[in-house]
Amino acid sequence: MIINGRQVASTILSEIAQQVALLKSGRPKLAFLLVGEHPASQTYVRSKKKACAATGIESTLIALSSDISQEALLSQIALLNIDSKIDGILVQLPLPPHIDARAVMRAVDPAKDVDGFHPLNLGKLLLGEDDGFCPCTPQGIKTLLEKQNLPVNGKKVVIVGRSNIVGKPLAALLMQKKPHCNATVTIAHSHSEHLTDITLSADILIAAIGKPLFIKKEMVRPGAIVIDVGINRLNDQTIVGDVDFTPVSAIASHITPVPGGVGPMTIAMLLQNTYLSHIRRHPWH
Ligand code: NDP
């Protein structure tokens, strides 16, 4: 069965829109910081802004030149941190090489860090504390599984990829001692030996690698659930995932397509976090 992430995300966006319409404290507002003219980043920000508009969340785009200094970028973030109208700050990655992305992530007020990349929020996730922000892609994957009634509890989850934005926080999330979590999680990466043996052991296989069609049918246990996080642009501009979709979909019990799987869920979770930030900052909402 193909999991329709677009449909699940659209239901979540409608729910957010209903909640936003009921707010007495004004509309939540999300600020995007876009440095340079990276075409994929521009596309991502456009989609996120469109989703904001559809839910009644206000958004503002601060487009900065690719040669902006680190100091000037940090000053922009400091201004957004103290702007009481701003509930969420999203610095679109990647940043140009002369900018220290870690310093930028740390500069965002953790209370407005709707991407969930600040060390404080990642630490809270690791500790199982609920008053931070969970990164959007991991949260989107967990929500997608939950909405499809696919149990994670006690299941063997294999995540291929250990990035700070997907693999690591996803492992922390799915292993939590909480409902819809409690998975037995294995993380694999480019140094993992016998990768196929590892992936074949998965009840739920999650690919977050960034290599087109990397996960072949032979790497998937028949009946497994396959979640494809990858977004890879081929030379002919086609977008494909990290999973060799057609053959793998023939043996998987459930699989997410690319596009239309995890991507829309990531955006839905960003808006959910922005709404959450707004109501935390306006307890009288
Ligand atoms: P990174 O490049 O930061 O991480 C990739 C991971 O894959 C690394 O841990 C790397 O291992 C591992 N890897 C690379 N090659 C192999 C290999 N041959 N065998 C096993 N593991 C390997 O990528 P991201 O996590 O940022 O993104 C992954 C993919 O997900 C990308 O396509 C990205 O575009 C997409 N993405 C999609 C999102 C969505 O909303 N759908 C959101 C975020 C990302 P090592 O650590 O050893 O280098």
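The model is predicted: local features need pLDDT of at least 70, side-chain atom pairs count only at pLDDT 80 or more, and totals for chains, interfaces and linings use all residues. Residues are numbered from 1 along each chain as its sequence is written, and side-chain values use heavy atoms, with hydrogens and water left out. Helices (H or I, at least four residues) and strands (E, at least two) are DSSP runs numbered from the N terminus.

**The sheet**
- Three strands form an open sheet in the order β2-β1-β3, with parallel pairing (pairing requires at least two DSSP bridges between two strands).
- β2 (58-64) and β3 (88-91) are the edge strands, each pairing on one side only.
- β1 (residues 29-35) and β3 pair in the parallel sense over 4 bridges, and Phe 32 stands opposite Leu 90 in β3.

**Helices on the sheet**
- Helix α2 (residues 39-55) packs on the sheet and touches β1, β2 and β3 (contact means heavy atoms within 4.5 Å).
- The direction of α2 makes about 170° with that of β1; axes are lines fitted to C-alpha atoms, for helices over the stretch in contact, and angles run from 0 to 180 degrees between N-to-C directions.
- Helix α3 (residues 70-82) lies across β1, β2 and β3, at about 180° to β1.

**Helix α5**
- In α5 (residues 119-127), Asn 121, Lys 124 and Leu 125 are buried (under 20% relative accessible area; exposed is over 50%, partly exposed in between, with a 1.4 Å probe and protein chains only).
- These residues lie on the same side of α5 because they cover an arc of only 100° around the axis, taken from the directions from the helix axis to the C-beta atoms.
- Leu 126 and Leu 127, on the other side of α5, are exposed.
- The cover over the buried residues of α5 includes α7 (167-174).
- Gly 128, with a positive phi near 80°, follows α5.
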